[in-house]
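These are my notebook entries on one protein model. I record what I looked up, topic by topic.

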Amino acid sequence: PPASQNNEQGSTLRDLLTTTAGKLRLGSTDAGIAFAPVYSTGTASGKSGRTMPNILDDIIASVVENKIPPNRAPKINIKSEIKDEPKDDKKCIQDECSKWYSDIQYSWICDKHVLWLRDHKNSNNWKLFKECWKQGRPVLVSGMHKKMNFSLWKAESISLDFGNQQADILNCKDSIISNTNVKEFWDGFEDVSKRQKVKNGETALLKLKDWPSGEDFKAMMPARYEDLLKSLPLPEYCSPEGKLNLASHLPGFFVRPDLGPRLCSAYGVAATKDHDIGTTNLHIEVSDVVNILVYVGIAKGNGVLSKSGVLKKLEEEDLDDLLRKRLKDSSELPGALWHIYAGKDADKIREFLQKIAKEQGLEVLPEHDPIRDQSWYVNKKLRQRLFEEYGVKTCTVIQFLGDAIILPAGALHQV
């Protein structure tokens, strides 16, 4: 029908333009505009004053006001618009992805809480990752070491190139930090006899704390920096130049978080008597994080668990069946044990840790936050209590050589 006879304005762009364009007069109130028209604040002579309205802004305002009537179907076929994208709901993500993403090799682990992308080379991985990321779920991508120059990341190679550097070394058990020659740390990385001893004669569990980091990493290790960047999983999100990496594209006047990269190196717990400590205590990062396991050292010396002993300790964890299957695969090399919690559980975990601190006779000061202070490694017994008393379940992930673990900001984790 002619536009003048069509009372249902705004149902399509054509209707909107034909019914509204003639009504957009200066000061007009009969065009059904929801907001006041936007006027230019200046004239050709430089004097301030109201001129003709901004037609585009008026049209946008009219679209907001003139919603499609409920009794009239839209002229856009909504189904055809979303046929290549699944609905953003939990059921679709977990149960119907196979029909949307049949070209992607993936599985769900940790009671379908973590997405495991098994083929790092698939250029379509980001499509499924996007749907998972919307829900704030961790993602595991395996095989990243196959893209890297493995010789660059060997302990002996790093020690040879940078052994004369000084860095902060953390004793993970008692949180004592010392500034030490890096060579001492690397000499004991796979030879337990060369590791520092603590007062009672036990072998120290040491961590080279974020060395090097950020610009220092790029300047000190340019070859390793380039090797890491070209090997990042899901480059659309994880690469510094990725089009979907929001943090990298923040304007300069924002105070940006430290986006790294940083090298985190630590001795394994397997060589210590106390297996209830970790190399990274429970904490939260302020930005999304991708952590790639680039090297796993095999420690040798007295008191060190054999490979079968390490596997046995890992099998005692509350593991997903797929992770247990990976442990039995001789081609896989486990290197790190992660415990991950959803950000929504932070308050419950904080309350639980304060409760445990009081039980242990520790002083709980109001200005201290057990998560922010990174003062706790939640051992197996405490993880069980956390579930029984607060209903918070631990997501346990084993990180194998070449695995990239991608965590959303706010997710609590310990390693």
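**Secondary structure and overall figures**

I counted 15 helices and 13 strands in the protein chain; helices are DSSP runs of H or I with at least four residues, strands are runs of E with at least two, and both are numbered from the N terminus. The model is predicted, and I kept to its limits: local features need pLDDT of at least 70, side-chain atom pairs count only at pLDDT 80 or more, and totals for chains, interfaces and linings use all residues. Residues are numbered from 1 along each chain as its sequence is written, and side-chain values use heavy atoms, with hydrogens and water left out.

I looked up burial next: of the 415 residues in the protein chain, 43% are buried. Here buried means under 20% relative accessible area, exposed means over 50%, and partly exposed lies in between, with a 1.4 Å probe and protein chains only. The chain exposes about 23400 Å², of which carbon and sulfur atoms supply 52%; these areas come from the Shrake-Rupley method with a 1.4 Å probe, and for residues only the protein chains shown count as cover.

I then took the contacts (heavy atoms within 4.5 Å). Of those in the protein chain between residues at least 6 apart in sequence, 68% join residues at least 24 apart.

**Nonpolar cores**

I searched for nonpolar cores, defined as sets of buried Ala, Val, Leu, Ile, Met, Phe, Trp, Tyr and Cys residues joined through side-chain atoms within 4.5 Å. The largest has 47 residues, and L117, V139, W153, W186 and W211 have the most contacts inside it. Helix 6 (residues 125-134) gives the most to this core, with four residues.

I listed the neighbours of V139, leaving out residues up to four places away in sequence: V139 touches V114, L115, L117, F129, C132, W133, A404, I405 and I406. Another core, of 21 residues, lies apart from the largest one; C110, L140, F400 and L407 are among its members.

**Aromatic pairs**

I found 13 aromatic pairs in the structure. Rings of Phe, Tyr and Trp (its six-membered ring) pair if their centres lie within 6.5 Å; planes under 30 degrees apart count as stacked, over 60 as edge-to-face and the rest as tilted.

F352 and Y390 form an edge-to-face pair, with 5.7 Å centre to centre and 75° between the planes. F352 belongs to helix 14 (residues 346-359) and Y390 to helix 15 (residues 380-390), so this pair ties together parts that are 38 residues apart in sequence. F352 is buried at a relative accessible area of 0%, and Y390 is buried at 17%.

I also noted a cluster in which ring pairs link F150, F185, W186, F189, Y267 and Y295. S265 lies in strand 7 (residues 265-266) and is buried, with a relative accessible area of 6%.

**Charges over rings**

For a charge to sit over a ring, NZ of Lys or CZ of Arg must be within 6 Å of the ring centre and within 35 degrees of the ring normal. R118 lies over the face of W116, at 5.8 Å from the ring centre. The charged end of K243 is over the ring of W126, 5.9 Å from its centre.

**Backbone geometry**

A cis peptide bond joins W211 and P212, with omega about -15°; P212 is in the loop between strand 6 (206-208) and helix 9 (214-220). The bond from G260 to P261 is also cis, with omega near 0°, and P261 lies in the loop between helix 11 (235-238) and strand 7.

L234 has phi of about 45° and is placed in the loop between helix 10 (222-230) and helix 11. D210 is partly exposed at 31% relative accessibility, whereas L234 is buried at 7%.

**Cysteines**

I searched the whole structure for disulfides, that is, cysteine sulfur atoms within 2.5 Å, and found zero. C172 is buried, with a relative accessible area of 9%; C264 is partly exposed at 44%.
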